[in-house]
Amino acid sequence: MVDKRNLEEKINKVLEKIKIIDIHTHLFPPSFKDLFLYGIDYLLTYHYLIAETVRYLPISPDDFYNLSLKEQAELVWKTLFVDRSPISESARGIVTILTEVGVDFEKKDLSLIRAYFDKIDMESYVDLIFEKAKIDYVVMTNDPLDENEMKYWKCNIFKDKRFRPSLRLDRLINDWENIREYLKVKDYKEIKDHLDKWFLMIEPLYIALSFPPDFRYPDDMLRSRLLEEIMLYAEERKVPIALMIGAKRSVNPSLRLAGDSVGKSNIESIENLCRSFPNNKFMVTMLSRENQHELCVTARKFKNLMIFGCWWFLNTPSLIEEITKMRLELLGFSFIPQHSDARVLEQLIYKWKHSKEIIKKVLYDKYLALIRSGWTLKEEDIERDITQLFRKNFEDFIFSKQ
Amino acid sequence: MVDKRNLEEKINKVLEKIKIIDIHTHLFPPSFKDLFLYGIDYLLTYHYLIAETVRYLPISPDDFYNLSLKEQAELVWKTLFVDRSPISESARGIVTILTEVGVDFEKKDLSLIRAYFDKIDMESYVDLIFEKAKIDYVVMTNDPLDENEMKYWKCNIFKDKRFRPSLRLDRLINDWENIREYLKVKDYKEIKDHLDKWFLMIEPLYIALSFPPDFRYPDDMLRSRLLEEIMLYAEERKVPIALMIGAKRSVNPSLRLAGDSVGKSNIESIENLCRSFPNNKFMVTMLSRENQHELCVTARKFKNLMIFGCWWFLNTPSLIEEITKMRLELLGFSFIPQHSDARVLEQLIYKWKHSKEIIKKVLYDKYLALIRSGWTLKEEDIERDITQLFRKNFEDFIFSKQ
Amino acid sequence: MVDKRNLEEKINKVLEKIKIIDIHTHLFPPSFKDLFLYGIDYLLTYHYLIAETVRYLPISPDDFYNLSLKEQAELVWKTLFVDRSPISESARGIVTILTEVGVDFEKKDLSLIRAYFDKIDMESYVDLIFEKAKIDYVVMTNDPLDENEMKYWKCNIFKDKRFRPSLRLDRLINDWENIREYLKVKDYKEIKDHLDKWFLMIEPLYIALSFPPDFRYPDDMLRSRLLEEIMLYAEERKVPIALMIGAKRSVNPSLRLAGDSVGKSNIESIENLCRSFPNNKFMVTMLSRENQHELCVTARKFKNLMIFGCWWFLNTPSLIEEITKMRLELLGFSFIPQHSDARVLEQLIYKWKHSKEIIKKVLYDKYLALIRSGWTLKEEDIERDITQLFRKNFEDFIFSKQ
Ligand SMILES: [Mg+2]
Ligand SMILES: [Zn+2]
Ligand SMILES: [Zn+2]
Ligand SMILES: [Zn+2]
């Protein structure tokens, strides 16, 4: 039996053991060559860190991006790790990674750190990082309209159970006029054949789309017509649609990938989708803090809505904490607490270590309250509940007929 | 004198002793027969728990509601208490109730729990629950347009000081066309006689209305004309109007009572009401988290505005904590920290026990900060302050001439 | 080296020593005679406390303001300090001040407190308070259209390095029709000469403007044309423009200065300004809690945006805590954590003591997390980082060419 004295230890034990399904990343397997990113230079030039670095320096974003990858990494290292303490969430992330992989960085000498990454054994590296991050498998973001990515799919080399596909259709929706020509279709009613072709090639676990804060459903935009075609297809295939809502693209174009921002979105549109398409399954994450409470409440209303993750600017300790508390209090275990959004392999380590730290604390408080209310808690209960959060909710949702 | 070492004990002592006025519930006294709800089957089929249960099960809301009350209760019990840990706020509430009334539920056998409730002594049961929840009296929600409820008022049996009336006029405002015919009045200017009749029969402590997030004042909707008539009447009678704002009705109609959701409302409308009707007294609670800070600030602006409670989806530990902190910091003791919204008698136990736990913690932090700032605190100060929060603010506001 | 055991002590030491730059106050030096406010009667009649006091009393705001200053102070004292515990943030502020300056107030006898303030040595008083509050210098709010204030500028007596000027242009923008006549200019294109005259006389560190929640940029209001003229001028002079956004003026006019409220503002307008005027430097604070997260994110997008302070209704422990966490997590050290907004000299003591208490706690948590992630922290790192927050970010931004 679990009591106040051993509760923390029991939760730790389960969280150490659990094999996480990371349901949304931008990672690729080593077989995708140039798309497979790892190592200190990619880690330091993560767009999260570039945004922080340029704030401190008398350099324009354009001039920064004109530097070589190595020069960029050096500037980030000096600015955030030498001239200041790496206190932000993304900067501390680098510290966690270096510590966990066992690099000595006390001298703050980037060349010594690089030396470590130069010597890694590529054969076993993905397994090593997955093992350290306790990952079972990650879901990729696969764009059928990216020719660079598609060349790897077309040569059909992909057989790596550690990386599972999702079909990301942002370009289709956001750049329809060009895509239409590229696909040689007359109008949106003809995209089904393409969806089918992509689906069969990629075999995605779900179809994904991101939308800006001005997303509304229903409306009379072409965007909504395309979404409806996709929903129809997803229903047929019985796969969920993942909606990531609230990213405002290119608020500062000169910052490129680091130039997107956030806006509050319209929760009624989610309600409308879930109610009007009861045979579709929706996985939803929203980027605005001010949508989090109402999104939780909406999930209480619709069983075809699975909410997930603390996305991007919400992926910080204080916000993960408030969001996870809210979700457990309002939804019990019926949500997916986190995804990593990792773009560089080793980010899996810090994203999950940091998030699990917070989730552990929140679970501890909630289980303790439950014990104090008179509930008898067993170790296998904790294991069952946490498995539901980190694995079962996703797989059940993916495979459910709804 | 109170110091750091005995502060917690002193606050506990006062909170244990204080007789709470629960200013908004949906409870009725035993004399209202079928409207008087108590016992495990009603507790388990509370709409909060139904919403959580159906998320986990391959059952539609319609099929769920087609089950008998006992079958529904069994499904909730199995889903939230046997197959998972009851971690959500509403699920833990059941655990607290069972523990406090002294039922043994370790075997998780619902029939044993039912056996307890079958044997209770109905004569003294309300007193027992009130005693356990430390309630002085609760305010009911009395609907003069509900014929089922009105039959109890018309036979004039009501003499139960533990249950005080409020006059809830949602139907009048939301279903005016039908109500108008039912009341046989030509237009809204004629409702005064009805208000008067209801007022004299029910003798309410206040008049209550709930509004959706799209509530605006002023506007040219009939809703606002009706509200103005009611305000005029309330001013004459010197009773407050309680406004509960932000519930979006029937977002998922199939979930019935569990299908309502939340939306951010317009704070200017509250400002307009308080400023334009200085001789009216407004008790206001809002459902959106994103209205809580501005509602606090608005209360700083208008002394005819008394804010109250952490309503529904805000009635969870993390949100009660952030809201109560905000209120104490910005308003001192001039607000009503909580109401239970109980629909089933025993819910009084958990709603108040859980809320008082949080409020205690917040008060502790605030008093401690005050002591550290150099203030001399006495036990009778704590008693006076807490009495103001849980009793005096309400009664002063109800009886003030403004 | 700093570790878990001595971390708190090291942060304390730095925070005790640091000489703060208070970047926004409404203070004036003693040479500004009637504008220089200090002492218990002005402290007790701070508009924050008046708003709280009238909530409890059967007195109208008008009747309250018709009392003499001393009578008002007495009523505030009795209501918030004798009849209740001074639990709100502003009420506790008084307790902190009295304790820090060494007045004995245990008897709660206002005349004894007044006696203390009657006997202070005016010669050294400002230095004493600055020393207690650990202030290097404060920035005033200087209004060139306030004739009362301008008489002190015109006689050119101002030589007090403890008080630095800023040029506040609210009246110019909000009351343009009258100001236009007063300045004898035909249209907004002619204000440059006046800006120049004021700038040379006042030598401000920055130009400041406050805007209501309905502020939008771009739009076709005259307000935006005036703002553009001011931005042009500020660019030439290489001074920042401080924007304080979200105060809704005179929601309850009878409360005068205490009658302003808050509203959520439009973050796109900040994005538009920062992007369209890359040669301007913007210091921004917003009043709505619901703008804080998106304002943080916006600062990640624009290096010409320096966010600052927890303004007014956000200046309470729980909100300072959540905002400071968010900023450190998302921005590292690239923001200005607080300003006092003090109107009465001694308020510097409590505003900074309370804020530093919270900021210390947040920094402690963040540094501890960093140490636990494997970072080696030195005492001089803490000193460098905290100096950046409380001094360097402001001065670097003021003097940067951007
Ligand atoms: Mg919080
Ligand atoms: Zn992503
Ligand atoms: Zn209710
Ligand atoms: Zn100010």
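In this briefing, two residues are in contact when heavy atoms lie within 4.5 Å. This is a predicted model, where local features need pLDDT of at least 70, side-chain atom pairs count only at pLDDT 80 or more, and totals for chains, interfaces and linings use all residues. Residues are numbered from 1 along each chain as its sequence is written, chains are lettered from A and ligands numbered from 1 in the order in which they are written, and side-chain values use heavy atoms, with hydrogens and water left out. Here is a friendly tour of the core, some helix pairs and a few backbone details.

**Buried residues and the core**

- Cys296(C) touches Ile307(C), Met326(C), Arg327(C), Leu330(C) and Leu331(C), leaving out residues up to four places away in sequence.
- This cysteine sits in helix α15 (residues 292-301) of chain C; helices (H or I, at least four residues) and strands (E, at least two) are DSSP runs, numbered from the N terminus.
- Cys296(C) counts as buried because its relative accessibility is 1%; buried means under 20% relative accessible area, exposed over 50%, and partly exposed in between, using a 1.4 Å probe and protein chains only.
- Along the sequence, Cys296(C) and Ile307(C) are eleven residues apart, and their C-alpha atoms are 7.5 Å apart in space.
- The largest nonpolar core holds 475 residues, and those with the most contacts inside it are Phe394(A), Phe394(B) and Phe394(C).
- A nonpolar core here is a set of buried Ala, Val, Leu, Ile, Met, Phe, Trp, Tyr and Cys residues joined through side-chain atoms within 4.5 Å.
- Beyond its neighbours within four places in sequence, Phe394(A) is in contact with Ile21(A), Ile23(A), Tyr137(A), Val139(A), Leu205(A), Tyr206(A), Met283(A) and Ile336(A).

**Helix α3 and its partners**

- In chain A, helix α3 (residues 47-56) packs against helix α5 (residues 69-82) at about 65°, with the axes 9 Å apart.
- Axes are lines fitted to C-alpha atoms, for helices over the stretch in contact, and angles run from 0 to 180 degrees between N-to-C directions.
- α3(A) and α5(A) are therefore roughly perpendicular to each other; angles under 35 degrees count as roughly parallel, over 145 as roughly antiparallel, 65 to 115 as roughly perpendicular and the rest as oblique.
- α3(A) and α5(A) make a left-handed crossing; that label applies if the near helix is turned anticlockwise from the far one by less than a right angle, and right-handed if clockwise.
- From α3(A), the contact uses Leu49(A), Ile50(A), Glu52(A), Thr53(A) and Tyr56(A), and from α5(A) it uses Gln72(A), Leu75(A), Val76(A), Thr79(A) and Leu80(A).
- Sorted by class, the contact of α3(A) with α5(A) has six nonpolar, three polar and one charged residues; Ala, Val, Leu, Ile, Met, Phe, Trp, Tyr, Cys and Pro count as nonpolar, Asp, Glu, Lys and Arg as charged, and the others, Gly among them, as polar.
- In chain B, the axes of helix α3 (residues 47-56) and helix α6 (residues 89-101) come within 9 Å and cross at roughly 120°, so α3(B) and α6(B) are oblique to each other.
- The crossing of α3(B) past α6(B) is left-handed.
- Tyr48(B), Leu49(B) and Glu52(B) of α3(B) make this contact with Ser90(B), Ala91(B) and Ile94(B) of α6(B).
- By class, the contact of α3(B) with α6(B) has four nonpolar, one polar and one charged residues.

**Helices α16 and α17 of chain B**

- Helix α16 (residues 317-331) and helix α17 (residues 347-372) of chain B pack at about 40°, with their axes 9 Å apart, and are therefore oblique to each other.
- α16(B) and α17(B) cross in a right-handed way.
- On the α16(B) side, the residues include Pro317(B), Ile320(B) and Thr324(B), and on the α17(B) side they include Ser355(B), Ile358(B) and Val362(B).
- The contact of α16(B) with α17(B) has seven nonpolar, two polar and five charged residues.

**Backbone details worth a look**

- The peptide bond from Tyr217(A) to Pro218(A) is cis, with omega near 0°, and Pro218(A) lies in the loop between β5 (207-211) and α13 (222-237) of chain A.
- In chain C, the bond from Tyr217(C) to Pro218(C) is cis, with omega near -5°.
- Ser250(C), although not a glycine, has a positive phi of about 55°.
- Ser250(C) is partly exposed, with a relative accessible area of 39%.
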